[in-house]
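Hi there,

Here is the model I promised to pass on to you. Have a look at it first, and then read on for my notes.

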Amino acid sequence: MRIRLLDMVADHGTALAVNGAGRRGQSMGAGEPESSQCPRSHGLGARRCQAPSALARLAVVTGAGAFGALVTEIKLDLGRQDAARIDPGAQRFDLGPGTLDSRLGAAMDSHRLDRALSAGRQAIERAKLEGVAAISARGGGAGAGMTNRAWHRLLNAGGSVELEDMDVALILKRHAPALGRADPYQALRCLGGFEHAALVGSALAAAQLGLPWWAVGASARIAVLLALRLNPSARPWLHVPSVGCGEVSLVRLDARL
């Protein structure tokens with residue numbers, strides 16, 4: 001069987017320093033790598049996903065090694081702040097030099113969010129045409145750590161914000177009216193990042209096209225939670241490691257988004 005590893009990379013506005021007056025300053029340096037309803041134009045929540053076949057179930061239970069050795073990696077560059085860091089071998093979508101700083105406003109507008117969702121979906125459609133049998137996906141980029149902490153804080157109710165996460169508290173407070181609407185699409189627009197949206201688009205497209213989709217890393221696990229909120233019937237096709245993304249998190253997501 002053929003496996004496609006999708007590596008989605010985008011920088012975040014949260015990678016930029018914020019001066020005392022609330023202005024965006026210089027880059028903070030090295031990146032942080034991974035360890036309303038969805039628009040009808042993308043069909044993300046429109047089609048119900050069929051249950052996987054016995055063969056597909058066996059494949060996802062036994063793990064990626066059972067598929068064989070044929071693994072191809074595709075990198076999607078969705079927007080970098082520093083052109084020197086762009087991988088010349090990546091597929092570029094030019095959504096902008098990373099998202100905006102979610103501490104100061106929405107991470108992206110609806111147009112760029114739609115394009116990021118489409119980028120993920122297109123990657124799955126290409127994989128399907130090339131005979132790929134399963135997808136493994138991850139995301140990352142400069143500033144992704146802070147964005148992921150904001151998502152974890154939003155998706156896991158309860159607990160206090162630690163002093164070192166006051167930026168996260170600022171993000172959630174600024175976007176509280178939009179986040180309170182129980183709309184994953186608007187939450188993606190406010191918090192970002194481009195790679196989170198592309199991961200959501202790819203996860204739902206994989207489920208709709210009958211491809212098992214494995215989450216690798218924090219950004220991809222967050223994307224699974226958002227994808228399932230948009231289309232719960234995708235659940236049999238989306239898979240995450242047992243650490244950090246269990247059924248409790250899915251229940252909390254249902255309560256918060």
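Let me start with R189, which has its place in helix α6. Before going further, please keep in mind that this is a predicted model, in which local features need pLDDT of at least 70, side-chain atom pairs count only at pLDDT 80 or more, and totals for chains, interfaces and linings use all residues. Residues are numbered from 1 along each chain as its sequence is written, and side-chain values use heavy atoms, with hydrogens and water left out. Helices (H or I, at least four residues) and strands (E, at least two) are DSSP runs, numbered from the N terminus.

Back to R189: leaving aside residues up to four places away in sequence, R189 touches A106, A107, M108, D109, S110 and L113, where contact means heavy atoms within 4.5 Å. R189 and R112 are 77 residues apart in sequence, yet their C-alpha atoms are 8.7 Å apart in space.

Helix α2 (residues 110–129) and helix α6 (residues 184–191) meet at an angle of about 105 degrees, and their axes are 10 Å apart. That makes α2 roughly perpendicular to α6. (Axes are lines fitted to C-alpha atoms, for helices over the stretch in contact, and angles run from 0 to 180 degrees between N-to-C directions; angles under 35 degrees count as roughly parallel, over 145 as roughly antiparallel, 65 to 115 as roughly perpendicular and the rest as oblique.) On the α2 side the contact is made by S110, L113, D114 and L117, and on the α6 side by Y185, L188 and R189. By class, this contact of α2 with α6 has four nonpolar, one polar and two charged residues. (Ala, Val, Leu, Ile, Met, Phe, Trp, Tyr, Cys and Pro count as nonpolar, Asp, Glu, Lys and Arg as charged, and the others, Gly among them, as polar.)

One detail to check by eye: the peptide bond from G192 to G193 is cis, with omega near -5 degrees. G193 is found in the loop between α6 and α7. For context, most peptide bonds are trans.

On to α7. Helix α7 (residues 194–208) packs with helix α8 (residues 218–230) at about 55 degrees, with the axes 8 Å apart. That makes α7 oblique to α8. The crossing of α7 past α8 is right-handed. (A crossing is left-handed if the near helix is turned anticlockwise from the far one by less than a right angle, and right-handed if clockwise.) E195, H196, L199, V200, A203 and L204 of α7 meet S219, A220, I222, A223, L226, A227 and L230 of α8. By class, the contact has 10 nonpolar, two polar and one charged residues.

M146, R149, A150, R153 and L154 in α3 meet D167, V168, I171 and L172 in α4. Here the classes are six nonpolar, no polar and three charged residues.

As for the pairings:
- β1 (residues 3–10) and β6 (residues 134–140) pair in the parallel sense over seven bridges, and I3 stands opposite A134 in β6.
- β1 and β4 run parallel and are joined by eight bridges; R4 has T72 in β4 as its bridge partner.
- β4 and β5 run parallel with two bridges, and D77 stands opposite R92 in β5.

Finally, the structure holds 10 salt bridges (a side-chain nitrogen of Lys or Arg within 4 Å of a carboxyl oxygen of Asp or Glu). One of them joins R138 to E73, with the closest N and O atoms 3.1 Å apart. R138 lies in strand β6 and E73 in strand β4, so the pair ties together parts that are 65 residues apart in sequence.

Best wishes

How values were computed: Two strands pair if DSSP finds at least two bridges between them.
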